[in-house]
Amino acid sequence: MSNPEILRGLVLAILLRMNAPPRRIAHLDMDAFYASVELLRYPQLRGLPVVIGGARRREDEALRLVQDERGLAGIPACAFPLLRDYTGRGVITTATYAARQFGVGSALGLMKAARLCPQAILLPVDFDEYRKYSRLFKAIIVEIAPQMEDRGVDEVYIDFTDVPGGQREGGRVLARLIQRAIFERTGLTCSIGVAPNKLIAKMASEFNKPNGISIIHEADLQTRIWPLACRKINGIGPKADEKLARLGIHTIGELAARERAWLIEHFGKATGAWMHEAAHGRDERPVVLASEPVSISRETTFERDLHAVRDRAELGAIFTALCEKLAGDLQRKGYVAKTIGIKLRYDDFRGVTRDHTMDRPTDDAKAIRHIAGLCLKRVPLERRLRLLGVRVGSLQSTAQGRESASNRPQALTKSASPTIDSIATTKQLF
């Protein structure tokens, strides 16, 4: 290609870029998602401090005995278990905004939260219900704006750039349309930040919670973004924030004032360069429409520490249930797995993982339990356990799995399968 042709190509690319609409990326975050889903079932709890966390208990099952003709909505608020009566080591998954006013929030231990807000109502986690509403609100979004990146059960990125209405008022018109559609069809609210890129959009979605819309333009960087704490940048964690503070950097603006070379010197080539770009609001990451999951897992933290031998029946039942739920996840999502592993956390908070890769992929609960049981034989089980988890990886689509080999295992014999009946030592548990 001659030099004039190259030059014409460059000029054409520049002109196309100049005429392209400005990039508008939205981050949508559901408001107190788990708690909001629970309030759909229990509207009588609206406005009250409610905490979601821990496993289902006898007190939760007893609630159904006091419902009237209105079903769950007819249970009087005074009948619900209170946080002050909780005993155990569970943690909060989420809380209503009424509870958050007392300093109660995600990842806080339930016992500690009980001291801050003893009058809060305690509800168990129901992931199946949350996943159902997650699929529903995401389906609503793609009907309006198809360019959506799934970032978890309660948040997504959306590319507004070329969607009708996506440029009006900086994206506010389209954001308002999506908010209204989700609320009308689910009863749930969300907060949306619209900005030139994903980095700033995620920050902006927190500005006006709940049920808010925040619009950020490139010209707003110094006035809206730079005064924020460095931790507001998604990717700067507690350790990096502590180091920045020791170096006299507390805000994003102070971070932006540092030279790239200085940041690289103190944080390394990759992290330092990324910090410099992030502080100046630069982020070219695209909205990824579809991504394959790397792994799927199920785990549970026990209300009390369980011993591998003395509590083997209870652990065996939990272990089986985790494997069955994991198999259900695979089948529902259309995957088979070749790698199966386990995760344990002991009473001293030490953790251990083991995994095994098979010749043939599977989505069968019995096969998953069998391989996970073999992994258990490879870990010490003398100490009491506080957490048990099962994980599958090396995922393939079900169709791919069928092409390579049958994804259904041969029948497991009693001698081959590690069951409660075959326990001989603590290393042959569930």
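This is a predicted model: local features need pLDDT of at least 70, side-chain atom pairs count only at pLDDT 80 or more; totals for chains, interfaces and linings use all residues.
Strand S2, which spans residues 50-53, pairs with strand S4 in the parallel sense, and three bridges join the two.

**The three-stranded sheet**
- The strands form an open sheet in the order S3-S2-S4, and the pairing is mixed.
- S3 (92-95) and S4 (121-123) are the edge strands; each has a single partner strand, so one side of each lacks a neighbour in the sheet.
- From one strand to the next, the twist averages 30°.
- In general, the strands of a sheet pair through backbone hydrogen bonds, in either a parallel or an antiparallel manner.

**The helix across the sheet**
- Helix H2, made up of residues 33-41, lies across S2, S3 and S4.
- Relative to S3, helix H2 runs at about 65°.

**Cysteines**
- Zero disulfides are found when the whole structure is searched.
- Cys190 counts as buried because its relative accessibility is 1%, under the 20% limit for that class.
- Cys323 is likewise buried, with a relative accessible area of 1%.

**Gly351**
- Gly351 lies in strand S11, which covers residues 351-362.
- Gly351 has a relative accessible area of 56% and is therefore exposed, as the limit for that class is over 50%.
- When neighbours within four places in sequence are left aside, Gly351 is in contact with Leu344 and Arg345.
- Gly351 and Leu388 are 37 residues apart along the chain, and a distance of 9.9 Å separates their C-alpha atoms.

Methods. Residues are numbered from 1 along each chain as its sequence is written. Side-chain values use heavy atoms; hydrogens and water are left out. Two strands pair if DSSP finds at least two bridges between them. Helices (H or I, at least four residues) and strands (E, at least two) are DSSP runs, numbered from the N terminus. Axes are lines fitted to C-alpha atoms, for helices over the stretch in contact, and angles run from 0 to 180 degrees between N-to-C directions. Contact means heavy atoms within 4.5 Å. A disulfide is a pair of cysteine sulfur atoms within 2.5 Å. Buried means under 20% relative accessible area, exposed over 50%, partly exposed in between (1.4 Å probe, protein chains only).
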